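Hi,

Here is the structure I promised to pass on.

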Amino acid sequence: MKFEVTILGSSSATPVYNRNPSAQLLNCNEKFYLIDCGEGTQLQLSKYNLKANRIDYIFISHLHGDHYFGLVGLLSSLHLNGRTKAIQIFAPAPLSEILEIQFKYSDTTLRYPIEFTSIEADMPRQIFENQDLIVRTVVLNHRIPTTGFVFQQKPRQRKLIKEKTDQIPMAYYTALKKGVDVELPDGRIIKSIDYTSPPDEPRSYAYCSDTMLDKRYFEAIKDCDTLYHEATFLHELIDRALETHHTTALQAGEVAKIVGAKKLLIGHFSSRYKTLQMLLEETQSVFQNTELAVEGRTFSL
């Protein structure tokens with residue numbers, strides 16, 4: 001099953017050439033989840049040939065503009081392009097009022113409903129579940145209430161061994177994939193373990209947007225397969241990071257190591273850095289399996 005994320009924006013508060021504010025598109029089994037929606041997100045979707053109309057779920061971490069200023073434009077374009085299917089938004093409660101005011105004073109009535117779920121940055125909790133995923137919040141430490149998100153795949157069924165499927169009627173496939181042994185009309189017992197292979201292990205993706213290093217959120221992201229963590233500054237600017245409630249590249253690596261992540265993506269880079277190699281090298285000094293979450297890259301999770 002496909003489980004991947006495409007980076008649409010990797011900059012911090014100020015956009016720079018070739019770096020947009022925060023936005024990512026998660027694809028899980030061809031269902032699409034937008035994570036944050038900084039300015040220019042819909043242009044980035046178009047640039048990378050990603051269909052905005054296929055997005056049914058939007059998760060906003062907090063109400064600093066570089067994480068949601070692109071949302072009104074995106075929702076408006078979906079309306080103008082004739083969308084009628086509901087869209088679900090998970091975000092801090094005041095965003096609902098912001099959207100209402102925007103559409104009120106532009107005299108816009110959307111063709112499609114918005115199903116808004118308020119999220120609170122007080123304690124980790126599950127906020128979403130479907131047949132593919134469970135989504136939980138991560139309480140972060142930023143200047144305003146901020147949550148990260150953990151996207152956890154659900155356990156999958158066992159996989160049929162293709163070379164053996166012609167030996168049994170199709171009507172028994174579902175039971176076998178569930179691990180159930182079946183009896184054929186002639187009395188033969190077909191054991192699931194002989195005709196199926198184990199499913200892939202469920203994978204998890206943890207998204208930690210703006211935050212300073214705080215051990216209180218470590219448990220919520222423990223043992224994640226892939227961790228995205230902000231790395232706004234080099235560690236030489238640790239005082240600036242503390243002042244603005246952000247993380248350094250070195251600290252991001254330390255977090256990944258402590259929580260047992262298998263892979264780390266770093267992003268939310270300060271506009272002061274025109275090249276990013278130093279940030280990558282600093283993070284890799286403590287956590288080698290690190291990559292830059294830069295625009296246009298798609299990572300298998």
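In what order do the seven strands of the open sheet come? Going across, the order is β7-β8-β9-β14-β15-β16-β17, with mixed pairing. Bear in mind that this is a predicted model. The edge positions belong to β7 (126-129) and β17 (290-292); each has a single partner strand, so one side of each has no neighbour in the sheet. From one strand to the next, the twist averages 20°.

At the β17 end, β16 (residues 263-267) and β17 run parallel and are joined by three bridges. If you want a spot to look at there, Leu-264 stands opposite Thr-290 in β17.

Helix α7 (residues 249-259) lies across β15 (226-230) and β16, and runs at about 150° to β15. Helix α8 (residues 277-284) lies across β16 and β17, at about 165° to β17.

The other thing I looked at is Ser-10, in the loop between β1 (3-9) and β2 (23-28). Is Ser-10 buried or exposed? Its relative accessibility is 1%, and the cut-off for buried is under 20%, so Ser-10 counts as buried. Its side chain makes a polar contact with the side chain of Glu-295, at 2.7 Å. Leaving aside residues up to four places away in sequence, Ser-10 also touches others, among them Arg-19, Asn-20 and Pro-21, then Gly-267, His-268 and Phe-269, as well as Ala-293 and Val-294.

Cheers

How values were computed: Residues are numbered from 1 along each chain as its sequence is written. This is a predicted model: local features need pLDDT of at least 70, side-chain atom pairs count only at pLDDT 80 or more; totals for chains, interfaces and linings use all residues. Side-chain values use heavy atoms; hydrogens and water are left out. Two strands pair if DSSP finds at least two bridges between them. Helices (H or I, at least four residues) and strands (E, at least two) are DSSP runs, numbered from the N terminus. Axes are lines fitted to C-alpha atoms, for helices over the stretch in contact, and angles run from 0 to 180 degrees between N-to-C directions. Contact means heavy atoms within 4.5 Å. Buried means under 20% relative accessible area, exposed over 50%, partly exposed in between (1.4 Å probe, protein chains only). A polar contact is a pair of N or O atoms within 3.5 Å; within protein, one must be able to donate a hydrogen and the other to accept it, and residues adjacent in sequence count only if both atoms are side-chain atoms.
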